[in-house]
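Hi everyone, thanks for coming. I'd like to walk you through one structure today, so please have a look at it while I talk.

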Amino acid sequence: MTTQSQEQARAANGGRDSLTVTDNRTGETFEVEITDGTVRAMDFRQMKVSEDDFGLMTYDPAYTNTASCRSSICYIDGDNGVLEYRGYSIEQLCEQSSYLEVAYLLIFGELPTKAQLDQWVHDVTMHTFVHENVREFLGGFRHDAHPMGMLLGSVGALSTFYPDANNIGDPTTRDIQAVRLIAKMPTLAAFAYRHAMGQPLVYPDNALGYPGNFLSMMYRMTELRYEPDPRLERALDVLFILHADHEQNCSTSAVRSVGSSQVDPYSAIAAGIGALYGPLHGGANEAVLRMLQRIETVDNIPGFLEGVKNGDERLMGFGHRVYKNYDPRARIIRKHLDDVFEVRGKSPLLDIATELEKRAMDDDYFVSRKLYPNVDYYSGLIYEALGLPVSMFPVMFAIPRTSGWIAQWLEMTLDSEQRIARPRQIYTGERVRDYMPVERR
Ligand code: CMC
């Protein structure tokens, strides 16, 4: 909301939003336009100390205050704990929608009609199989290969199965790769898991829904048909919705950056999987689980919290760079925990997690720093209840994030302002040195 004095200042500036900058090196003054709460970094290049000066650059390691694109896909209001996909609240989508419908919404921008949804679900379902050679090369991974590494490698390899994917200028080609990626990701993920377990691979069952088919490929053994429990299927679908997109995070930026070279989407999304593999991104839920195991009993919570406040420990699953309020995704996951425990039996870690959250929320250390549970606080407990090893946790994140990566990649390919991503640097090394032959060094 603008105040009266702000209105007056703006009127005095002819109604324009701008910044007046004085370069104290030269005494020159510049007017820099403000649009959508941003200034253009390129506008600073005109500020030079001499004719041959390159011009002023902005320095922003880790892009903490730099918008790299315009996007209409995902909106986050971190202070108020709001997350929306294409304007629909995450709460309503988790309550009423399905992951595949959300994937359609993210990619095409609107909720589908009944006919569009049926066609979309049919298309994705018809592409769940992978080429038999994929199965063969997955067999080449070591028996104890990390499933995320296998997923990374196999998604990258898909580009060699679909050379047409290089034709990113063609809308039909782009759309078919989107369908293929969303359809095949659960198959590759489940194949990686079964390989790690030393179990025979289970082919997709196209009579099942998206989450049900994934559970079948993961857990089916000798039964003729796997019947997923609807409560588990729903909980998994909700987890998929919650993880589908989160605007310009590390892996999405990686997909956009690699995709800006106009490489095929399989290679760009393999880069996203690489980024998600890291413990600072897709790995925090594993850390939460290990922390709860280490605390062991509710009685140990006060001592653990003291350790956190002394700086010896970190309360994993708490705090977020953007959310300075309860992460809305954590609240939704918490609600679905009971359904999963009803089927699989309650985890003894739940009591510790619940009590730990309660005590932290009553403690001024966490309240004053606006540290609330984030998406990872409870998701690990669901994955554990589903019988997943911790190495599968980031894979469970990558499956649904694929729709967000594709939506962001498609948006980028159609954005006329985007060019190949190419940041600048501040060079800090030596200059103009004479080469010294090795025998004289
Ligand atoms: N436990 C204890 N203290 C914390 C925590 C925590 N989890 N998080 C932040 N703080 C303290 C921090 O020590 C600092 O205190 P002080 O002002 O006294 O120095 C203050 O709170 C501000 O923290 P920060 O480190 O400046 O915050 P950040 O925005 O750089 O870090 C974070 C965000 C998520 C990396 C951090 O909160 C953290 O390490 N949390 C635990 C790991 C975790 O749960 N990560 C999952 C994030 S959600 C996944 C996703 O959305 O992709």
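**A walk from loop to ligand**

Let's start in a loop: Asp-36 sits between strand E2, residues 28-33, and strand E3, residues 74-77. Before I go further, please keep in mind that this is a predicted model.

Is Asp-36 buried or exposed? Asp-36 is exposed, because its relative accessible area is 60% and the cut-off for exposed is over 50%.

Arg-86 also has a positive phi, near 50°, and again the residue is not a glycine. You'll find Arg-86 in the loop between strand E4, residues 82-85, and strand E5, residues 88-89.

Now over to helix H7. This helix runs over residues 171-197, which makes 27 residues. Where is the kink in H7? There is one of about 35° at Lys-184, shortly before the proline Pro-186.

H7 is mostly covered, with 21 of its 27 residues buried. Let me pick out Arg-180, which has its place in this helix. Arg-180 counts as buried because its relative accessible area is 14%, and the cut-off for buried is under 20%. The side chain of Arg-180 makes a polar contact of 2.9 Å with the side chain of Gln-177. Just after H7 comes Gly-198, with a positive phi of about 70°.

Finally, the ligand. How many residues surround the ligand? There are 17, and the closest are Arg-314, Leu-315, Gly-317, Phe-318 and Asn-374. Sorted by class, that shell holds 7 nonpolar, 5 polar and 5 charged residues.

Let's look at the ligand's oxygen atoms. A backbone N or O atom of Gly-317 lies 2.8 Å from an oxygen atom of the ligand. From the side chain of Asn-374, an N or O atom is 2.9 Å from a ligand oxygen. For Arg-369, a side-chain N or O atom is 3.0 Å from an oxygen atom of the ligand. As for cover, the ligand taken alone exposes 950 Å², and the protein buries 66% of that.

That's my tour, and I'm happy to go back to any part of it.

Terms used
Residues are numbered from 1 along each chain as its sequence is written. This is a predicted model: local features need pLDDT of at least 70, side-chain atom pairs count only at pLDDT 80 or more; totals for chains, interfaces and linings use all residues. Side-chain values use heavy atoms; hydrogens and water are left out. A residue is near a molecule or strand if one of its heavy atoms lies within 4 Å of it. A polar contact is a pair of N or O atoms within 3.5 Å; within protein, one must be able to donate a hydrogen and the other to accept it, and residues adjacent in sequence count only if both atoms are side-chain atoms. Accessible areas come from the Shrake-Rupley method with a 1.4 Å probe; for residues, only the protein chains shown count as cover. Ala, Val, Leu, Ile, Met, Phe, Trp, Tyr, Cys and Pro count as nonpolar, Asp, Glu, Lys and Arg as charged, and the others, Gly among them, as polar. Helices (H or I, at least four residues) and strands (E, at least two) are DSSP runs, numbered from the N terminus. The expected span of a helix is 1.5 Å times one less than its number of residues. The bend at a residue is the angle between axes fitted to the seven residues ending there and the seven starting there. Buried means under 20% relative accessible area, exposed over 50%, partly exposed in between (1.4 Å probe, protein chains only).
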